[in-house]
Amino acid sequence: MKFSGTMMELISIRQFAHVVGSLARLSKMCVVRITPTHLYFIINEPGALNRAPGLWAELDQGHYFTNVVMAGVSQEHNEIFLEFEPDKLSGTLSSLKSHNTSIRTLKIKLAKKLSPCLTIEMQLPSFSDHARTVVHDVPVVPLPRRQWHLYQEPEMPHFSVSLYLPPLKKLRHVVERMKSLASALTLSANRKGMLVLSVTSDTASVSTYFRNLSKPTWDLEGAPTQGDEEQLFSATVEIKKLSSFLAGEQVGPAKVICNIVDERMIHMFLLHEDVTIQYFLPATRTT
């Protein structure tokens, strides 16, 4: 197995750091699936429908790396699956933020030192004619092929309603204020373009309404086509997890789609030219 890739564009380095930072906020463990053309970051979420992962992030290597060397476990199975702690990789990238405006290159390489690791090499300018190189090692655990089936691309759920979300920054502000009132939040939406965020506590019930939101067009089996446009479909989820996902605004998505499987799950699509992130948040019952 081998993998190495070099980033030379500052915007790509920053966006990669934002994606990894989002992973670190959502889970202690993550799996990266490396193919000849893409990187997939996967977080499995207990309780998700259809054995779907909690998060699936798909990065096109061509947008991030100027050159890539990759060889999988075999010619027939040309992929690599590595488990790692995302906060360690995020911490490595965050520790170099003070140099972000002057980074020359960022290289990621699968290496075997005392144990398997992802070696992060960052070239920084120095006062002399030679660049300085900062190196960090992030431990990884290669996964055997018998476990690969646990980290495959998720199926699209049969959702009840689908809407484009308002700007994530605005939505996150609302959710952060509601987080002080309750541990769970209910998202409700209808096919007329209305989204409702609501929380209930012993002292108050608060709801925020967004109207006239756009609806994506789906050409999918199971996508809703008929029904009462006024009918609300809802799912109650952990507000802390939702807030952590909404921090993904730093990735700078062009659009975010919210699909609601009534009383069962919220499925969100964060869409960007260079990265697509899907988040599956199962409904929870509160007493």
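This is a predicted model: local features need pLDDT of at least 70, side-chain atom pairs count only at pLDDT 80 or more; totals for chains, interfaces and linings use all residues.
Trainee: Where do helix 1 and helix 3 sit relative to each other, and at what angle do they cross?

Mentor: Helix 1 covers residues 10-26 and helix 3 covers residues 86-94. Their axes come within 8 Å and cross at roughly 145°.

Trainee: Left-handed or right-handed?

Mentor: The crossing of helix 1 and helix 3 is left-handed.

Trainee: Which residues make the contact?

Mentor: From helix 1, they are Phe16, Ala17, Val20, Gly21, Leu23 and Ala24. Helix 3 contributes Pro86, Asp87, Leu89, Ser90 and Leu93.

Trainee: And by class, how many are nonpolar, polar or charged?

Mentor: The contact has 8 nonpolar residues, 2 polar ones and 1 charged one.

Trainee: Staying with helix 3, which of its residues are buried?

Mentor: Pro86, Leu89, Ser90, Thr92 and Leu93 are the buried residues of helix 3.

Trainee: Why do they line one face of the helix?

Mentor: Looking down the axis of helix 3, the buried residues fall within an arc of 155°, so they line one face. As a general point, an α-helix has 3.6 residues a turn, so residues three or four places apart point the same way.

Trainee: What do those buried residues pack against?

Mentor: They pack against helix 1 and several strands: strand 2, strand 6 (80-84), strand 7 (105-112), strand 8 (116-124) and strand 9 (132-139).

Trainee: Switching to the serines. Ser22 is in which element, and is Ser22 buried or exposed?

Mentor: Ser22 is in helix 1. Its relative accessible area is 8%, under the 20% cut-off, so Ser22 counts as buried.

Trainee: What does its side chain make a polar contact with?

Mentor: The side chain of Ser22 makes a polar contact with the side chain of Arg25, at 3.1 Å. Also, the C-alpha atoms of Ser22 and Pro86 are 8.9 Å apart, although 64 residues separate the two along the chain.

Trainee: And Ser12, buried or exposed?

Mentor: Ser12 is another residue of helix 1, and at 8% relative accessibility Ser12 is buried. Leaving out residues up to four places away in sequence, Ser12 touches Met7, His63 and Tyr64.

Trainee: Last one, Ser27. Where is Ser27 placed?

Mentor: Ser27 is in the loop between helix 1 and strand 2 (30-34).

Trainee: What does the side chain of Ser27 reach?

Mentor: It reaches the backbone oxygen of Met29 at 2.8 Å. Beyond residues up to four places away in sequence, Ser27 touches Ile43 and Pro86.

Note on methods:
Residues are numbered from 1 along each chain as its sequence is written. Side-chain values use heavy atoms; hydrogens and water are left out. Axes are lines fitted to C-alpha atoms, for helices over the stretch in contact, and angles run from 0 to 180 degrees between N-to-C directions. Helices (H or I, at least four residues) and strands (E, at least two) are DSSP runs, numbered from the N terminus. A crossing is left-handed if the near helix is turned anticlockwise from the far one by less than a right angle, and right-handed if clockwise. Contact means heavy atoms within 4.5 Å. Ala, Val, Leu, Ile, Met, Phe, Trp, Tyr, Cys and Pro count as nonpolar, Asp, Glu, Lys and Arg as charged, and the others, Gly among them, as polar. A polar contact is a pair of N or O atoms within 3.5 Å; within protein, one must be able to donate a hydrogen and the other to accept it, and residues adjacent in sequence count only if both atoms are side-chain atoms. Buried means under 20% relative accessible area, exposed over 50%, partly exposed in between (1.4 Å probe, protein chains only). The arc is that of the directions from the helix axis to the C-beta atoms.
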